[in-house]
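Let's take a friendly walk through a protein model, looking at its rings and then at a pair of helices. Keep the structure open beside you as you read.

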Amino acid sequence: MEKVVAALDQGTTSTRCLLVNHGGEVVASHQIEHGQVYPKPGWVEHDPVEIWQKTQEVVRLALEKAGATAQAVAAVGITNQRETTVIWDRKTGEPFHPAIVWQDMRTDKICRQLAEDGGQDRFRARTGLPLATYFSGPKIRWLLNEVDGLRAAAERGDALFGNMDTWLIWNLTGGPDGGAHVTDVTNASRTQLMNLETLHWDPEILSIMKIPEAMLPEIRPSSDPNSYGSTRADGPFGGVVPVCGDLGDQQAALYGQTCFASGEAKNTYGTGCFLLMNTGEEIVASRSGLLTTVAYQIGERAPVYALEGSVAIAGALVQWLRDNLQLISSAPEVEALARNTEDNGGMYLVPAFSGLFAPHWRSDARGVMVGLTRFIRKEHVARASLEATAYQTKDVLDAMRKDSNVELTALKVDGGMVVNELLMQFQSDMLDVRVVRPKVNETTSLGAAYAAGLAVGFWTSEDELRDNWAVDKEWAPKMAADERARLYSGWEKAVERTLGWVEE
């Protein structure tokens, strides 16, 4: 069989393994969902042991589909849901507590307490991030405070922290028997504990957060020729393969979309919605509510940075229509339902289920449906749900234009929702730019594969990766400027209605 690179994509709702050939084509893949746990309103948890079990299963089944063995796999790359926090026992590999998912809001009180001295932007100059429930640091603090015996174990070095990339790499490379405790610069930049300039854990922030450095992983490049470690012969790959690529999912999608030049941008439409713009080797401080983050670091090269706008609820809103309201029985049905009406009927749906992320950063916001009349039918609710994703993306892109002084001429898109052509056309109309979907939509996995493949010489340059990228479909704006302004004005009024809903 031809040589391939394996990409492990550990997402919010499922885990996938894709085998990618030299042309950037997916040779085989397998995907399995995992459970979502909601212990209290605003709390979201995952079972890390279940995720590791599902990871092993998808690897075995992807290799089986391809008829491949470990000998055919040149390298392994990891990409993951960012900020989701797990702490486990170094000696046994057992988690001390379920993983706290990025959407979880239980750290709101901790974030407000930290903001009493220096405000919400207390650490922004060093980390690029506002104080928010989104990031790993406050989650670690909560676990250390609430789980009996955990702080003592952390100070002894017996408790290890990681986002999901670190958890998987540790298990893949040996677990309690010498597993590598590492992360990459992109995932580290989402903890609110790493200094963007030094690419090291910030001692002062660790002291303020009361987090022992002994529990934190070593920070490494996203593509590492020295390898983080190798898979065990008795593991899911059934052989020894270097694990040498690691990128948080949105940075992986940026890399997979080959946005290597400053000013290039992509938007991923998944559970949430994430728009990233490459800013090159310059750390651009946001004045408009965006995040400054590490985009990637290839080997010993200087890190590349990005501006990011994070929207908490995108595809998750369609899941809510399916699972909670039961308006549809499967996610693809939402487009057909929405096409049964010409417009939103004057209603807007703002899915501030976990507060509002970029550019508002308001944890006191909650979701609303507004503009309701007796005229409104389920078709309007479906359409308003899709439009909400496009409006939220416009909020972020407008902020990005202000911060970067770059006018985009096209937006590269990826993720599960880009098959929804009604949404893609409305997105183009709202942004007044071309929207471009690539032939290979699995750009997140592709980015992880590219990072790992570059590390072992499977690909020799980023020019080779650019050659793999090709357009599948484009959408051009068709909406009149006055109609765009009218619709967006209604959205802005609807967002105002979400604010201040939660009181202390």
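A residue is called buried if its relative accessible area is under 20%, exposed if over 50%, and partly exposed in between, using a 1.4 Å probe and protein chains only. Tryptophan 170, with a relative accessible area of 2%, is therefore buried. Tryptophan 88 is buried too, at 0% relative accessibility.

Before going on, please note that this is a predicted model, in which local features need pLDDT of at least 70, side-chain atom pairs count only at pLDDT 80 or more, and totals for chains, interfaces and linings use all residues. Residues are numbered from 1 along each chain as its sequence is written, and side-chain values use heavy atoms, with hydrogens and water left out.

**Rings**

Rings of Phe, Tyr and Trp (its six-membered ring) pair if their centres lie within 6.5 Å; planes under 30 degrees apart are stacked, over 60 edge-to-face, and the rest tilted. How many aromatic pairs does a search of the whole structure find? There are 20 aromatic pairs. Two of them are set out here.

| Pair | Centre to centre | Angle between planes | Type |
|---|---|---|---|
| Tryptophan 88 and tryptophan 170 | 5.5 Å | 55 degrees | tilted |
| Tyrosine 134 and phenylalanine 135 | 4.8 Å | 35 degrees | tilted |

Tryptophan 88 belongs to strand β6 (residues 86-89) and tryptophan 170 to helix α6 (residues 164-172), so their pair ties together parts 82 residues apart in sequence. Helices (H or I, at least four residues) and strands (E, at least two) are DSSP runs, numbered from the N terminus.

Tyrosine 134 and phenylalanine 135 are both buried. They also belong to one aromatic cluster with Trp102, Phe274, Phe357 and Trp361.

A charge sits over a ring if NZ of Lys or CZ of Arg is within 6 Å of the ring centre and within 35 degrees of the ring normal. Arginine 82 lies over the face of phenylalanine 274, 5.4 Å from the ring centre. Likewise, the charged end of lysine 412 sits over the ring of tryptophan 469, at 4.2 Å from its centre.

**Two helices**

Helix α9 (residues 249-256) packs against helix α14 (residues 443-455) at about 75 degrees, with axes 6 Å apart. Axes are lines fitted to C-alpha atoms, for helices over the stretch in contact, and angles run from 0 to 180 degrees between N-to-C directions. How is α9 covered? Eight of its eight residues are buried, among them Asp249 and Tyr255.
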